[in-house]
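Welcome! Have a look at the picture first, and then read on.

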Amino acid sequence: DTTHGRILYLEDVNVSFDGFKAINGLSLDIAPGELRCIIGPNGAGKTTMMDIITGKTRPDSGQVYFGSTIDLLRYREAEIAAMGIGRKFQKPTVFEHLSVFENLELALATDKRVRHSMVFALTGEEKDRLGEVLHTIHLADSAARQAGNLSHGQKQWLEIGMLLMQDPKLLLLDEPVAGMTDEETERTAQLFLTLKGKHSLMVVEHDMSFIRTISEKVTVLCDGSVLAEGTLDQVQADERVIEVYLGR
Ligand code: ADP
């Protein structure tokens with residue numbers, strides 16, 4: 001079994017939009033518990049890759065596996081989300097008029113166990129998880145605060161918390177520290193280091209000092225495929241990577 005020890009596996013994936021190859025022979029794999037950063041210039045295919053993994057975009061060819069046995073190309077977007085692949089877009093989308101606690105509670109409502117009930121009655125296990133998540137996202141003292149009154153950074157953490165309520169196996173995050181203060185960025189790094197190991201994470205980010213803090217391995221995408229892979233120091237020293245960032 002060649003896919004053993006991988007939570008996510010892409011092999012020779014191709015996607016064209018009107019004849020333009022947005023994803024061009026992309027192969028990549030993520031180990032369980034790994035935190036992988038994805039960098040690359042605008043138009044490299046980062047968003048399209050996330051769209052493929054989450055079932056939003058269907059590739060023309062190639063393989064996309066979750067774990068060693070689940071062929072993701074056979075499932076729809078909602079089914080993929082229900083399998084434990086959570087995605088966070090760049091802009092935070094929390095319910096502004098609800099409290100932090102209620103936002104986390106509501107995140108469970110998409111779970112089939114409570115979908116058929118009009119009343120939220122958290123089980124003991126869910127209450128414990130909610131408390132744990134509040135702590136992880138640095139909002140334990142803000143549970144009763146209205147989400148609309150949180151800072152930009154706190155809203156981003158809350159949205160990550162909402163994903164965590166579903167206990168995802170893999171989290172895909174798009175520029176999580178964009179627009180954050182230095183202090184918020186540092187606390188987000190702490191948060192990610194807490195998540196690593198328990199969850200697998202794929203993080204698209206431009207902030208190199210943040211990447212250096214959180215990730216052992218970086219993948220550089222360019223023109224729809226992997227240009228380089230390694231530690232941040234390794235890829236930053238790579239002539240081809242330098243050319244892509246400075247030469248264009
Ligand atoms: P990134 O996220 O790295 O900036 P994208 O995945 O958004 O890159 O885009 C990769 C390339 O594919 C870009 O050239 C973009 O213009 C093109 N592209 C993405 N989505 C579409 C689409 N729906 N229709 C046409 N072209 C698209």
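## A leucine and its neighbours

Setting aside residues within four places in sequence, L201 is in contact with L35, R36, L171, L173, F192, L195 and K196. Two residues are in contact here if their C-beta atoms, placed from the backbone, lie within 7 Å.

A word on the model before going further. This is a predicted model, in which local features need pLDDT of at least 70 and side-chain atom pairs count only at pLDDT 80 or more, while totals for chains, interfaces and linings use all residues. Residues are numbered from 1 along each chain as its sequence is written.

## The nonpolar core

L201 also belongs to the largest nonpolar core, which has 68 residues; L201 is listed with I53, I137, L158, V203 and V220 as having the most contacts inside it. Helix α6 (residues 152-164) gives the most to this core, with 6 residues. A nonpolar core is a set of buried Ala, Val, Leu, Ile, Met, Phe, Trp, Tyr and Cys residues joined through C-beta atoms within 7 Å. A residue is buried if 20 or more other C-beta atoms lie within 10 Å of its own, exposed if 12 or fewer, and partly exposed in between, with C-beta atoms placed from the backbone.

In soluble globular proteins, nonpolar side chains tend to be buried together.

## The protein as a whole

Stepping back, the protein has 10 helices and 10 strands. Helices (H or I, at least four residues) and strands (E, at least two) are DSSP runs, numbered from the N terminus. Buried residues make up 40% of the 248 residues.

The C-alpha atoms fill a box of roughly 55 × 40 × 35 Å, taken along the principal axes. Among contacts with a separation of 6 or more, 66% are between residues 24 or more positions apart.

## One face of a helix

Helix α3 (residues 100-107) has V100, N103, L104 and A107 as its buried residues. Seen down the axis of α3, these residues fall within an arc of 95°, so they line one face of the helix. The arc is that of the directions from the helix axis to the C-beta atoms. Their cover includes α5 (124-136) and α6.

## Around the ligand

Which residues are around the ligand? They are F17, A22, G40, N42, G43, A44, G45, K46, T47 and T48.

By class, the shell has 3 nonpolar, 6 polar and 1 charged residues. Ala, Val, Leu, Ile, Met, Phe, Trp, Tyr, Cys and Pro count as nonpolar, Asp, Glu, Lys and Arg as charged, and the others, Gly among them, as polar.

S200 is found in strand β8 (residues 200-204) and is buried, with 24 other C-beta atoms within 10 Å. S200 and L170 are 30 residues apart in sequence, yet 4.7 Å apart in space, C-alpha to C-alpha. Beyond residues up to four places away, S200 touches I7, L8, I30, P32, G33, E34, K169 and L170.

K88, in strand β6 (residues 85-88), counts as buried with 20 C-beta neighbours inside 10 Å. Leaving aside neighbours within four places in sequence, its contacts are E159, I160, L163, L173, D174 and P176. A144, by contrast, is found in the loop between α5 and α6 and counts as exposed, with 9 C-beta neighbours inside 10 Å.

Most residues other than glycine have a negative phi. D167, though not a glycine, has a positive phi of about 50°. D167 sits in the loop between α6 and β7 (170-174) and is partly exposed, with 13 C-beta neighbours inside 10 Å.

E175 is not a glycine either, and its phi is positive at about 45°. E175 lies in the loop between β7 and α7 (182-195), where it is partly exposed, with 18 other C-beta atoms within 10 Å.

Terms used:
Near = placed C-beta within 6 Å.
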